[in-house]
Amino acid sequence: MKNIEPKTDIDRLKFNWLQYASPKTFYPLAGKIIPWCAAGAAILIAYGLYLGVFVAPTDFQQGEGYRIIFVHVPAAWFSMFLYLLMALYAGLGLVLNARLSYMMATAIAPTGAMFTLVALVTGSLWGKPMWGAWWVWDARLTSELILLFLYIGYFSLQAAIDDKNRADKASAVLALVGAINVPIIYFSVKWWNTLHQGASVSLTQAPAMAAVMLKGMLVMAIGFWLYSIAVVLIRVRAEILERDSKAAMFRQDLGLGKS
Amino acid sequence: MQWHSISEFLAMGGYAFYVWGSFGVTFGCMAVELLSLKSRNKRIAQAIKQEAI
């Protein structure tokens with residue numbers, strides 16, 4: 001990929017970020033970012049876990065049971081945030097007809113679905129001791145379950161259509177239409193009377209929790225963010241390789257030389 | 001530090017199953033995701049090698 005490096009001063013001035021919209025130039029760039037994000041994710045998740053189970057004090061109402069918050073809330077945030085990001089890339093793909101945008105959307109979906117499943121299961125494990133039920137059909141839980149179905153619908157639709165280009169377009173439309181569910185999840189605790197508690201952290205009010213609890217949760221959230229970047233980039237690289245049938249440019253990486 | 005003994009730490013005030021279960025599910029899911037990506041990359045590398053021969 002040496003030809004993408006700016007060579008002269010004039011080339012350096014003309015250095016164009018849009019070149020990274022091409023899978024061929026994005027592939028090595030993503031490869032450079034992955035190890036940094038992975039290392040940061042490992043450190044922050046370990047530190048967040050340490051804060052969550054060793055440093056944060058016992059909750060006066062829920063005892064030690066509340067510690068589920070340190071994985072439940074960050075997972076729930078990223079289940080929603082990754083959906084919006086997936087819809088954004090899908091929309092960009094439709095507007096610009098850019099292959100890499102579709103590949104990014106495809107690469108984000110499994111990680112978003114994973115965090116949705118984690119949010120639902122840890123929520124269930126929290127609901128049982130606190131509410132006495134594994135599951136209730138309240139607005140927050142139901143809309144989060146719909147989010148999981150939207151993710152599943154997104155990749156089932158992609159798998160169902162053989163023509164990659166048509167599969168990308170159809171699933172992008174689904175992703176965009178489904179995005180309406182994200183604000184519904186987020187505001188469900190305000191709009192409806194839910195058993196699920198309201199937001200512990202919001203942009204407009206002081207957080208309703210001890211500073212060290214908040215710190216543990218935010219550290220874990222940034223850890224999950226870096227994890228998501230690393231995993232999505234690994235997957236988008238796999239996606240690029242699988243879609244490029246010739247794959248000639250990567251043979252060198254594998255020590256096979258040019259053919 | 002919140003804990004006086006290892007058994008107290010592990011018991012999580014009686015919520016051991018729920019708290020450790022939640023952490024287990026979370027990091028278990030992440031591990032499964034990473035392992036599935038690893039095997040996908042292995043498959044791709046094999047396919048590309050085969051193509052080269």
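A: In chain A, 73% of the contacts with a separation of 6 or more are between residues 24 or more positions apart; two residues are in contact if their C-beta atoms, placed from the backbone, lie within 7 Å. The model is predicted, so local features need pLDDT of at least 70 and side-chain atom pairs count only at pLDDT 80 or more, whereas totals for chains, interfaces and linings use all residues. Residues are numbered from 1 along each chain as its sequence is written, with chains lettered from A and ligands numbered from 1 in the order in which they are written.

Chain A has nine helices and zero strands, where helices (H or I, at least four residues) and strands (E, at least two) are DSSP runs, numbered from the N terminus. Of its 259 residues, 36% count as buried, that is, with 20 or more other C-beta atoms within 10 Å of their own; 12 or fewer makes a residue exposed, and a count in between makes it partly exposed.

The largest nonpolar core contains 66 residues, a core being a set of buried Ala, Val, Leu, Ile, Met, Phe, Trp, Tyr and Cys residues joined through C-beta atoms within 7 Å. Among those with the most contacts inside it are A:Met104, A:Ile108 and A:Val236. At least two residues of this core come from each of H2, H3, H4, H5, H6 and H8 of chain A, and likewise from H2 of chain B. The most is given by H4(A), with 16 residues. A:Ile108 touches A:Leu82, A:Leu85, A:Met86, A:Tyr89 and A:Val232, not counting residues up to four places away in sequence.

A:Met103 lies in H4 of chain A and counts as buried because it has 24 C-beta neighbours inside 10 Å. With residues up to four places away in sequence left out, A:Met103 touches A:Pro23, A:Val236, A:Glu239 and A:Ile240.

A:Leu226 belongs to H8 of chain A and is partly exposed, since 19 other C-beta atoms lie within 10 Å. Apart from residues up to four places away in sequence, A:Leu226 touches A:Cys37, A:Gly40, A:Ala41 and A:Leu44.

Across the two chains, H8 of chain A (residues 211–243) packs with H2 of chain B (residues 16–52) at about 25 degrees, their axes 10 Å apart; axes are lines fitted to C-alpha atoms, for helices over the stretch in contact, and angles run from 0 to 180 degrees between N-to-C directions. H8(A) and H2(B) are therefore roughly parallel, a class for angles under 35 degrees, with over 145 roughly antiparallel, 65 to 115 roughly perpendicular and the rest oblique. Among the residues making the contact are A:Tyr227, A:Val231 and A:Ile234 of H8(A) and B:Met30, B:Leu37 and B:Ile44 of H2(B). By class, this contact has eight nonpolar, one polar and four charged residues; Ala, Val, Leu, Ile, Met, Phe, Trp, Tyr, Cys and Pro count as nonpolar, Asp, Glu, Lys and Arg as charged, and the others, Gly among them, as polar.
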